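This briefing concerns the protein shown below.

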Amino acid sequence: MSKGLGTTVGRSSRRRILRLAGGGITMAALGAGLTGCEDELATGGESSTPPPRGASPEDGKAPADGKAPEPLWTKSTSAQTYGDNDELVAVDGVVIASGDPLAAFDGATGEERWSLPGGAVPGAPLLLGDGTLYLESGKYDGSVAGYVPGSGKEAWRSRLGKEYRQPRPVAVDAEQVYVIAEILEADGSSHTNVIAALNSGTGKVAWKEQRDLGTQQNGIHAAVQGRYLVYTDFKNNLTVRDTATGKQVWTHKTTKTSYGPFAIHQDLVIVPQGQQLQAFALSDGSEKWSVRTEEFTSFREPSLLEDVLYIADSARTLWAVEPGTGKKVWQSTALKDASAQVPRQFVKVSGTLYGATDLDKQGGIHAFDAKTGGLRWTFNDKSGDYHSWLVATDGKRVYALHGKKLHALPA
């Protein structure tokens, strides 16, 4: 949802390894893949503090093409992220990054508005729905909690049941919170997991369905569209369930699903699979369109913004695609021309598209002309931190998280 610098077929990026570790896979299983990654995990590197902010152009307005802006403010945070797009959110005047304690900063000033020790499991998604922030409890007490984003006050709490361990929210709509949890055996072990829906008003269990043996409770990316709950997992499954009953509508074995974010547009789910970008009908799983990139090239993660699908590929080409048809709006080689890193997450403000990359000296936050894909500037804090960049926006500012440093940039 092909993860970044150095990723090749059959080999995970460092960001992928960190995400797997955060999802509960043991260090022994990761083996030598984490060698050299651990020593600066807590600090974010020796030079993680960016240079002092100079005067922003025109009192905080976006700069001219070619010149990256100075941050409006920069704050050190408790962030503990693994590179997923839903670990940084901007809502109700605050910006929040996954971590312990969970902290919310004022979007305009960077001042801390509230802090919640044990509020969330680091790396777990921050899910927003109907004015509520839903979290997997960082107290590991088997509960799921909902908070008012602007104040941090608890507004809702639910438990799936004692026979399940640590329910993790994966998606939310106006009526239900969807969770996945381990099913406990008598000896305390677990070999299977359950997907369930919790009523977002009462907290009561609306339905629960046991998933197939061999599926995992980690590595899930999910979204809701009307009556359909859609999710992908580490086992190369693309699955759609009925939100009212939990019954499986259809599932596909996808040979090169990227495990990360996919996009939903009206009645379609759009999934990158290596060289192909495919759209399937939510109702029955039939393929509706497909786009191919160059040979030996893979699509990254898509973002659907204002009815345009933005996606980059490993050849450093940026695409804008009509989500309903797969028709190309434009292609840009600006990244390749600048020898710049490929973005994997996008947000948009007015006519500017912002993309966050993995770790790389030629990466950071790219700003593109949304009409042409032209590269305007790249912001990098020069910290050398190995964490992936994350980006979010409230429409007024763009927030860039890199390790434990949170920057507010003019939009």
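Two strands are taken as paired if DSSP finds at least two bridges between them. On that basis, β7 (residues 132-136) and β8 are paired, with four bridges joining them in an antiparallel arrangement. The model is predicted, and the mean pLDDT of the protein is 84.

**Overall composition and confidence**

- The protein contains three helices and 32 strands.
- Of its 411 residues, 57% count as buried.
- Its accessible surface comes to about 17200 Å², and carbon and sulfur atoms account for 48% of that area.
- A pLDDT of 70 or more is reached by 83% of the residues.
- Over residues 1-60, pLDDT stays under 50, and the model has 99 contacts beyond four places in sequence for this segment.
- Where pLDDT is low, predicted coordinates should not be read in detail.

- Strand β8 spans residues 143-147, and five of its five residues are buried.
- In a regular strand, side chains alternate between the two faces of the sheet.
- Both faces of β8 are covered, with S143, A145 and Y147 buried on one side and V144 and G146 buried on the other.

**Salt bridges**

- Side chains of opposite charge can pair when their charged atoms come close.
- The count of salt bridges comes to 14.
- One of them joins R159 to D141, with the closest N and O atoms 3.6 Å apart.
- This pair links strand β9, which holds R159, to the loop between β7 and β8, which holds D141, across 18 residues.
- R159 is partly exposed at a relative accessible area of 48%, and D141 is partly exposed at 33%.
- Another joins R157 to E154, with the closest N and O atoms 2.9 Å apart.
- R157 is partly exposed at a relative accessible area of 27%, and E154 counts as partly exposed at 46%.
- R344 forms a salt bridge with E301, the closest N and O atoms lying 3.8 Å apart.
- R344 lies in strand β26 (residues 343-349) and E301 in the loop between β21 and β22, 43 residues apart.
- Both R344 and E301 are buried.

Definitions and conventions
Residues numbered from 1 in each chain as written. Predicted model: local features only at pLDDT ≥ 70, side-chain atom pairs only at ≥ 80, totals over all residues. Heavy atoms only, no water. Helix = DSSP H or I, 4+ residues; strand = E, 2+ residues; numbered from the N terminus. Buried < 20%, exposed > 50% of the residue type's maximum accessible area, 1.4 Å probe, protein only. Areas by Shrake-Rupley, 256 points an atom, 1.4 Å probe, with all protein chains shown as cover. pLDDT = per-residue confidence, 0-100. Contact = heavy atoms within 4.5 Å. Salt bridge = Lys/Arg side-chain N within 4 Å of Asp/Glu carboxyl O.
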